[in-house]
Amino acid sequence: QTAGCHNYHDNRALYEDFLAKHINEPDFKTEPALADPFYEKNLEKLAKLTGFEAKALQKSDANLEAESSDLINDWYHSSHASAGVNCQQCHGSGESYVEKPAPEDCKSCHAFEVETFLKGKHGMRLAAGLSPMSPDQSKLPMHREEHKELTCNTCHSAHEFDTDYAEVEACLGCHNDEHSQAYRDSKHYQHVVEGRETAVTCATCHMPRVETEHGGIDGFKVNHNQNDTLRPNEKMIRPVCLDCHGLQFSLNALADEALIKSNFKGMPSVHIESIDWVEKRNQNKKESVY
């Protein structure tokens, strides 16, 4: 296993009891299930927690004087408007007006997202009190002509908060490695184009949804620390891969470097024997009893 000998990264997908639990699973599950987003179904409850009024706001509620109608229109059709969050909640007003809200300004409503963002490579410079990370600072292949400062608004835009854009286009706007380049030719992306509920985006795997509780509301939030499941990559199995695939298939796929580079186009060409060992061990235990 690429995780090494001691699995010191809390890699429970390789524990013997977990392997035993998932013996003989099919490669492709007949009813794949991805966790539902947290906010879309809880706007009214969340509005009460944050002190905002969840209602269909009017464009006049934007409280803008000289801003463009396009900007107001973007906000008006966003989840912020649906939850009763207008300009003042993010920008403040009067002497306390902030032209470009920082992640700390988002934290009053999106504490989990900001906390996890600051733990990952995208937000680590901000967490250290430095200027934001940008693609030209990376040692990995990037579109370096794109000098973007990585904050919440880099992926979510300032007023649209388009999650479809954030899940794919925002990632590919910076990342230029083989794995990223191959995504649009993958089966995962084909499901996105077809509009399937089980569509797998960049964010699905690298920013998995985590079951959590907030103000008495149970649901799933997005872990914005994109490095949390990268090393070792078997950490991705439990929160992501098993939603759609069996454990054996997942282990094989994540151990196949060529398959990873092609963004999982095709079937694994390697076989990890961990489950075989557990199965053989269980069989020996049964035989020893009789």
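In the predicted model, a salt bridge links Asp 185 and Lys 265, with the closest N and O atoms 2.6 Å apart. Asp 185 lies in the loop between α12 (178–181) and α13 (187–193), and Lys 265 in the loop between α16 (257–261) and α17, so the pair ties together parts that are 80 residues apart in sequence. Asp 185 is partly exposed, its relative accessible area being 49%.

The count of salt bridges comes to 5. Among them is the contact between the side chains of Arg 281 and Glu 16, at an N to O distance of 2.8 Å. Because Arg 281 belongs to helix α17 (residues 274–289) and Glu 16 to helix α1 (residues 16–21), this pair ties together parts that are 265 residues apart in sequence. Arg 281 is partly exposed at 44% relative accessible area, and Glu 16 is likewise partly exposed, at 36%. Another of the salt bridges joins the side chains of Arg 196 and Glu 194, with an N to O distance of 2.7 Å. Arg 196 is partly exposed, with a relative accessibility of 41%; for Glu 194, also partly exposed, the relative accessible area is 41%.

Aromatic rings were examined in turn. The count of aromatic pairs comes to 3. One of these is formed by Trp 75 and Tyr 76 in a tilted arrangement, with 6.4 Å from centre to centre and 45 degrees between the planes. Trp 75 is buried, at 5% relative accessible area, whereas Tyr 76 is partly exposed, at 28%. A contact between a charge and a ring involves Arg 238, whose charged end sits over the ring of Phe 18, 5.8 Å from the ring centre.

Technical notes
Residues are numbered from 1 along each chain as its sequence is written. This is a predicted model: local features need pLDDT of at least 70, side-chain atom pairs count only at pLDDT 80 or more; totals for chains, interfaces and linings use all residues. Side-chain values use heavy atoms; hydrogens and water are left out. Rings of Phe, Tyr and Trp (its six-membered ring) pair if their centres lie within 6.5 Å; planes under 30 degrees apart count as stacked, over 60 as edge-to-face and the rest as tilted. Buried means under 20% relative accessible area, exposed over 50%, partly exposed in between (1.4 Å probe, protein chains only). A charge sits over a ring if NZ of Lys or CZ of Arg is within 6 Å of the ring centre and within 35 degrees of the ring normal. A salt bridge is a side-chain nitrogen of Lys or Arg within 4 Å of a carboxyl oxygen of Asp or Glu. Helices (H or I, at least four residues) and strands (E, at least two) are DSSP runs, numbered from the N terminus.
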